[in-house]
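Reader: I'm new to reading protein models and would like a close look at one part of this one. Could you walk me through how its strands pair up, and then what sits around them?

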Amino acid sequence: MGESQQKKRIVVKIGSSSLTSRNGEISIRKLVRLVDEIALILDDGHELVLVSSGAVAAGYRKLGFIERPHNLAEKQAAASIGQCLLMEAYSERFGSHGYVASQILITRSDFLDQKRYMNARNTIQVLLERGAVPIVNENDTITIKQLKFGDNDTLSAKVAGLVEADQLVILSDIDGLYNDNPRTNPNAKLIEVVQEITPEIEDAAGDSDSEVGTGGMGSKIEAVKISLAAGIETFIGDANKPNILLDAVNHRAKGTYFKPNAEQDDLDVRQHWIAFNSGTKGEVIIDEGARIAITEEQSHLLPQGVREVNGTFDCGDVVVIRHMNGDEVGRGVINYSAEQLREIKRLKLKEIPDHIKVTKSEAISQNDFVCYTNINTPN
Ligand SMILES: Nc1ncnc2c1ncn2[C@@H]1O[C@H](COP(=O)(O)OP(=O)(O)O)[C@@H](O)[C@H]1O
Ligand SMILES: N[C@@H](CCC(=O)OP(=O)(O)O)C(=O)O
């Protein structure tokens, strides 16, 4: 183990702008330099998952386009060629350092489904245990517009949560978050440490000015909200600075460090999925007694404390739990359908009619519940 002593699990996101030359084509020189830096981290004993953009950039010229296409189908076609070329370049360079690269293509819907989520997690776990370097990108060629991450910033934050990373490092063409877009305001100042994403920070983070970057600083801040909510410290810095990765891991790189709330509770993997990835189907409105039971007394949510049921859901779906006063309390996996719960709301367990008896009679079990005070901001 090197200077940082403790083995860390790091997710590194490399944006399109950091892998391309001025004309938007993939730059093998830039890719090679970054792989060489990653090898130093691996040599130091850390585990690393790489989230790499660049498939469209690597492929569009081979399809005869003179510039990066804007039409979705054309970008998807370009990505299907570019992804292979990208992986070929990564495999070759990682191989020269004695490391094996693996490809993982993910869509937004993979995060919504708990089984697919766990599968992805288990696969990456094996790869990391065996010393391989998982390289993740969005599955561009098959993802429909409505389910697209679009930029890879959000994907990297979700991956960091998936693998329970110690640190997320987002490398870009800029050395961090400024208090205004430095490309248009020469007086903008770098913000070195962020403890909380305030509305001022969200306002400062603008779009991308490059031809190849997708989300700009705005999508990076959205991503940071997800990683901080999951308790993962995050860094944004300039991919072009020598030793940026090793320095970021050792907290001495120039850039912006985002600190998670130290008092946050640790969520287990199922609670993490419920909090950040599941998506919710409907709402269960509860009274004060039920709120105290589930948030302060570590008890189950019983049908007795349910006042209203909004929307449609089935047993096993994740629902929002809201207090009668309108405040959101948390979310959890529901043991009844909306129809069943409407029929048994406010009833004691022994009063539940036989035709509605289910295996777990509580509405939401304590270990299937995530309280919003235990996380910063769920997405
Ligand atoms: N407040 C800000 N601080 C830093 N960069 C900003 C800010 N607002 C907008 N930007 C823009 O965001 C760009 C980085 O995002 P992007 O081009 O999407 O890169 P990537 O391809 O690495 O995701 C910067 O180069 C800059 O033009
Ligand atoms: N999945 C796309 C990446 C999209 C993109 O450009 O993302 P980003 O680099 O975060 O602005 C690709 O590989 O081309």
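**Strands and their partners**

Author: Let's start with β7, which is joined to strand β8 (residues 256–258) by three bridges, the two running antiparallel. Helices (H or I, at least four residues) and strands (E, at least two) are DSSP runs, numbered from the N terminus, and two strands pair if DSSP finds at least two bridges between them. In this pairing, Ile 236 stands opposite Thr 256 in β8.

A quick word on the ground rules: this is a predicted model, where local features need pLDDT of at least 70 and side-chain atom pairs count only at pLDDT 80 or more, while totals for chains, interfaces and linings use all residues. Residues are numbered from 1 along each chain as its sequence is written, and chains are lettered from A and ligands numbered from 1 in the order in which they are written.

Back to β7 (residues 233–238): strand β5 (residues 167–172) is joined to it by six bridges, and these two run parallel. Here Leu 171 stands opposite Gly 237 in β7.

Lys 13 is part of strand β1 (residues 9–14). It counts as buried because it has 30 C-beta neighbours inside 10 Å; the cut-offs are 20 or more other C-beta atoms within 10 Å for buried, 12 or fewer for exposed, and partly exposed in between, again with C-beta atoms placed from the backbone.

Now for another sheet. Five strands make an open one with mixed pairing, in the order β10-β9-β11-β12-β13. β10 (306–310) and β13 (369–371) stand at the edges with a single partner strand each, so one side of each has no neighbour in the sheet. Strand β9 (residues 283–286) is joined to β10 by four bridges, and they run antiparallel. Ile 286 has Val 306 in β10 as its bridge partner.

Lastly, the overall layout: the protein is divided into domain 1 (9–258) and domain 2 (280–373), with bounds that come from an automatic or database domain assignment. Taken over C-alpha atoms, the centres of domain 1 and domain 2 are separated by 38 Å.
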